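User: I am new to this structure. Please take me through the terms used for it.

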2 protein chains.
Amino acid sequence: MALDEFVYKLATEGQNFASVATVMADGSPQVSLVWVDSDGENIIINTAEGRLKTENIRRSGTIALAIADSNNHYNQAMVRGKIVEDTHDGADEHINMLAKKYLDLDEYPHRQPGEQRVIFKIKPEKILKFEN
Amino acid sequence: MALDEFVYKLATEGQNFASVATVMADGSPQVSLVWVDSDGENIIINTAEGRLKTENIRRSGTIALAIADSNNHYNQAMVRGKIVEDTHDGADEHINMLAKKYLDLDEYPHRQPGEQRVIFKIKPEKILKFEN
């Protein structure tokens, strides 16, 4: 596992949210809160085609995330990294898996008609940790 | 009060964190989690001189924040806005006030020698709300 263990645990255990920061076309920042996952090397998020975040990530190829322990916000990691994978493959199954993790549901309940899910895998380049 | 009431409550009630997104000199995004406040018109954060966030905010003059209800992360607001005030005035008293709100301490316990606190007031230009 190449990913820092503390970051891996934040991304995979509990029901922790990631704050995902991207950059708009005009150079200003944008941020949203998302579910998060990891494959042990990369941080993984699951978004959808047509979203601001998706467009911003593709334009710049970079992303920043902050993941906080939902039980103790002072345990947190801030990560800056590059997109190493951008795929539809497995994205529907993956959002259902996240729905299980975060909502204890077998199927993602917020799917919109025609929505196409997207998986982004982010390879961390800078990690800042606060462990309490 | 000019600020949206739902956003105002997220910023002032409970112990909710704001995810603050800024843009680095190289155009990539940066994000960190901070305490948050509001004066009823602007969202207020308190940071320090010399921090990456402080430099990034001054360079671009723009900022994005996501504030989630710590008791229910699905109550959240995402805000993009402009810095309308950048001041040292009252910043020490203000960080002590935030220490009271977040830690129930009369004085901010993490002050570093020589640290100069900075208040940024952010006027929202775009607000996206998820109310559950």
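User: What makes the strands of chain A an open sheet, and in which order do they stand?
Analyst: This is a predicted model: local features need pLDDT of at least 70, side-chain atom pairs count only at pLDDT 80 or more, and totals for chains, interfaces and linings use all residues. Residues are numbered from 1 along each chain as its sequence is written, with chains lettered from A and ligands numbered from 1 in the order in which they are written. Strands (E, at least two residues) and helices (H or I, at least four) are DSSP runs, numbered from the N terminus. Two strands pair if DSSP finds at least two bridges between them. In chain A, seven strands pair antiparallel in the order S2-S1-S5-S6-S7-S4-S3. The sheet has edges: S2 (29-34) and S3 (37-38) of chain A each pair on one side only.

User: How do you know that S5 and S6 of chain A pair?
Analyst: Eight bridges join S5 (residues 62-69) to S6 (residues 72-87) in chain A. Pairing asks for at least two. A:Leu65 stands opposite A:Val79 in S6(A).

User: What share of chain A is buried?
Analyst: Buried means 20 or more other C-beta atoms within 10 Å of a residue's own, with C-beta atoms placed from the backbone; exposed means 12 or fewer, and partly exposed lies in between. Buried residues make up 39% of the 132 in chain A.
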